[in-house]
Amino acid sequence: MTVDTYANVAAPTDENLRTAGTLVRTGGVVVAPSDTNLALTLDPWNRAAVERAFAIKRRPPTSPLTLFVRHPQEWEEYTEVPAELREAVRRLTDAFWPGPFNIVLPRNHRIPDHLVCGGPTVALGCLSNPTIQRLIEFTGHPVAMTSANLSGQADGVLVDLDLAVQQIGASVDMVIRGEKQGTTASSTIVTAAEVPFKVLRLGDITHAQVKDALGDLAHLLEDAS
C-alpha cells in the first residue's frame with residue numbers, strides 16, 4: 001500500500017492533530033514525526049496502548065519506551081534525581097532541549113511500570129518538531145514514542161513516511177505527515193541515572209558537545225571510548 005492510497009495519512013493541520021490527540025487520549029496509536037524518526041505515538045499511562053505498540057512492531061515488550069514532554073522543565077515532574085546531580089541534568093536539558101537528545105533518569109511514582117518494563121529509570125525527550133509539539137498540546141500530557149517500523153527492519157536508517165506506511169501503516173489509527181528536523185541520525189542518548197554519566201548512543205549531538213554543556217561538571221561524564 002502506498003502513501004497516496006493509504007486512507008489514514010493526514011496533513012499536520014490543527015484539526016487533524018486535535019483528532020490525533022483524541023485518539024491518543026482514548027487508547028489509540030498514531031504515527032507522528034519526531035526530530036528524527038517517524039514514531040508510534042501513544043498514551044504512556046494506557047497499558048493496552050503500550051502493549052499494542054509492541055505488537056505493531058512485532059517486538060517482545062522487554063524494552064522501555066521513551067516519554068516525551070512538551071516543555072524542557074518537565075523532567076522534574078517524572079524523576080527523582082539526587083540533589084547533587086540536578087544542576088548537571090539542568091545543564092544538559094537547557095543545552096539540548098528541545099532537540100534530538102534523550103536522557104535517562106531515575107523515575108518517580110508517576111511513571112507506570114508498564115512503560116519502563118518495571119525498571120528504576122525512565123528515558124525522557126523534548127522534541128523541537130512543531131507537529132509533535134502541537135500533538136502533545138492537544139493530547140494534554142506527555143506521550144510515549146518508539147520508531148514506526150517493524151522490529152529490526154530499519155537498522156541504520158531514519159524511518160520516513162514511506163517506510164512507516166509500508167511496514168506498519170495498516171496497523172495504526174492515523175499517520176500524521178511530517179519531516180525530521182535536519183538530523184542525520186537517531187537521537188543521542190545519555191544516562192544520568194548515576195555517576196559516571198554515559199553516552200549510550202551517539203546521534204548528531206556528539207560526546208564533546210555533551211561534555212561542553214556540563215562545563216565544570218564534565219568530570220561526571222565517562223570519557224569517550
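**From a helix to its surroundings**

Helix α3 (residues 83-96) has 14 residues, which at 1.5 Å a residue should span 20 Å, and this agrees with the 21 Å between its end C-alpha atoms; the expected span is 1.5 Å times one less than the number of residues. Helices (H or I, at least four residues) and strands (E, at least two) are DSSP runs, numbered from the N terminus. This is a predicted model, in which local features need pLDDT of at least 70 and side-chain atom pairs count only at pLDDT 80 or more, while totals for chains, interfaces and linings use all residues. Residues are numbered from 1 along each chain as its sequence is written, and side-chain values use heavy atoms, with hydrogens and water left out.

Among the residues of α3 that are buried are Leu-85, Val-89, Leu-92 and Phe-96, where buried means under 20% relative accessible area, exposed over 50% and partly exposed in between (1.4 Å probe, protein chains only). The buried residues of α3 pack against β5 (101-106), β9 (188-191) and α7 (207-214).

The open sheet has ten strands in the order β1-β8-β2-β3-β7-β4-β6-β5-β9-β10, with mixed pairing; two strands pair if DSSP finds at least two bridges between them. Its edge strands, β1 (9-10) and β10 (198-201), each pair on one side only.

Two aromatic pairs are counted, taking rings of Phe, Tyr and Trp (its six-membered ring) with centres within 6.5 Å, and calling planes under 30 degrees apart stacked, over 60 edge-to-face and the rest tilted. Trp-45 and Tyr-78 form a tilted pair, 6.1 Å centre to centre with 45 degrees between the planes. Tyr-78 is buried, with a relative accessible area of 3%, whereas Trp-45, at 32%, counts as partly exposed.

Methods: Contact means heavy atoms within 4.5 Å.
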